[in-house]
Amino acid sequence: MHEFLKFVKRLDWTLLLAILAISILSLMIIASATHANNGQYSFVIKQSVFLLVGLCAAGVLTYFDFHLLDKYAKIIYVVNLVLLVVVKFAGTSALGAQRWIQIGPFTLQPSEFAKLFMIICLARLLSQHPEGFHTWKSLLPVIALMGPPFVLVLIQPDLGTSLVFAAITFGMLYVSGFSMKIVKQIMAVFVVSLPAIWFFLLHDYQKMRIRVLFDPNVDPYGSGYHVIQSKIAIGSGGFFGKGLFAGTQSQLNFLPENHTDFIFSVVGEELGFVGAMFLLFLFFIVLYRTLLIARNTTDRFGSLMAVGIMSMWLFQVLINAGMTLGIMPVTGIPFPFMSYGGSALVMNFMCVGLLMNIFMRRQKLLFE
């Protein structure tokens with residue numbers, strides 16, 4: 001009992017309480033967003049079960065030494081690729097994308113877990129190169145590592161998760177000594193390649209989403225419908241919101257995907273500007289504590305994993321909130337700990353457990 005209390009006392013309670021507050025708020029908003037569809041609360045019950053599973057997974061990852069992940073990174077990478085290949089050839093489809101594996105009554109989305117798996121594998125690779133990455137040749141191992149899962153996710157198609165991979169890679173490379181000269185060269189190549197990307201790589205629906213970013217009315221009853229209804233919902237919420245279960249856009253089903261991709265719109269409508277800012281403030285605490293964990297450990301592998309997790313969460317929050325406001329393209333990227341979805345929630349709590357593990361084993365400042 002004494003050891004358990006000692007263990008609990010060593011947790012980063014600021015980070016944990018902020019995440020639990022976001023998760024509880026999520027259950028409230030999911031209940032409000034979905035109850036009108038069937039008069040029941042099946043979605044919030046399922047999400048509550050996912051939350052309990054996530055907490056258990058976080059507890060397991062908190063307990064054992066995270067250095068075991070370094071030891072088994074190669075196996076994790078192979079498992080990750082196998083799952084993504086299985087999705088390609090035996091996965092289930094929905095809304096024009098093949099992203100899920102049906103396991104009895106449960107639906108698994110491997111691309112969500114791939115985010116954490118790639119953070120672990122990339123952290124192992126980068127920790128072995130303390131000299132940094134200043135040439136294209138030095139980047140070849142990183143490209144070889146991240147390329148296969150990136151392509152397997154992109155062809156599902158899941159452009160949003162592929163962009164999350166890119167954000168994770170850039171964030172972790174940046175703290176590893178990434179040459180800004182290479183960044184400028186990458187940006188130059190990207191700009192030059194835009195015509196080819198537009199005409200040969202993007203699907204028609206992806207092109208329409210980009211057009212909608214500049215003018216939602218170009219397709220008001222198709223791709224632009226989500227953005228138009230989202231902006232109406234957030235704008236109608238005003239400063240204090242309409243109150244839980246009282247948002248007309250969400251309750252009357254004008255707002256599509258109101259419990260997943262556009263859950264931030266429900267927050268804006270029902271809790272108003274104050275509620276939206278409170279949610280973003282909670283996430284600021286989460287990101288700040290994650291940054292401190294990354295800085296306050298002498299272990300390079302642990303620090304890099306924390307940076308990868310922070311990069312993932314920051315990118316997803318910016319894109320998800322931005323697309324509900326019409327300032328980012330609609331990409332289907334969920335809001336961490338808020339959007340409905342079992343795979344994403346469990347994966348995010350696995351990240352929490354990993355952060356707790358790193359926090360409890362910190363020694364002294366890594367960056368001074």
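Which residues touch the most other members of the largest nonpolar core? Before I answer, a word on the model. It is a predicted model, in which local features need pLDDT of at least 70 and side-chain atom pairs count only at pLDDT 80 or more, whereas totals for chains, interfaces and linings use all residues. Residues are numbered from 1 along each chain as its sequence is written, and side-chain values use heavy atoms, leaving out hydrogens and water.

Let me begin with the overall form. The chain contains 15 helices and three strands; these are DSSP runs, H or I of at least four residues for helices and E of at least two for strands, numbered from the N terminus. Its radius of gyration is 21 Å, which agrees with the value near 21 Å for a compact globule of 368 residues. That radius is taken over C-alpha atoms, and the globule rule is 2.2 Å times the number of residues to the power 0.38.

Of the 368 residues, 49% count as buried, meaning under 20% relative accessible area, with exposed over 50% and partly exposed in between (1.4 Å probe, protein chains only).

Now to the opening question. The largest nonpolar core has 98 residues, and Met 172, Met 305, Trp 313, Phe 337 and Met 338 touch the most other members. Such a core is a set of buried Ala, Val, Leu, Ile, Met, Phe, Trp, Tyr and Cys residues joined through side-chain atoms within 4.5 Å. Not counting residues up to four places away in sequence, Trp 313 touches several residues, including Ile 19, Phe 283 and Leu 355; contact means heavy atoms within 4.5 Å.

Finally, Asp 70 lies in helix α4 and is partly exposed, at 24% relative accessible area.
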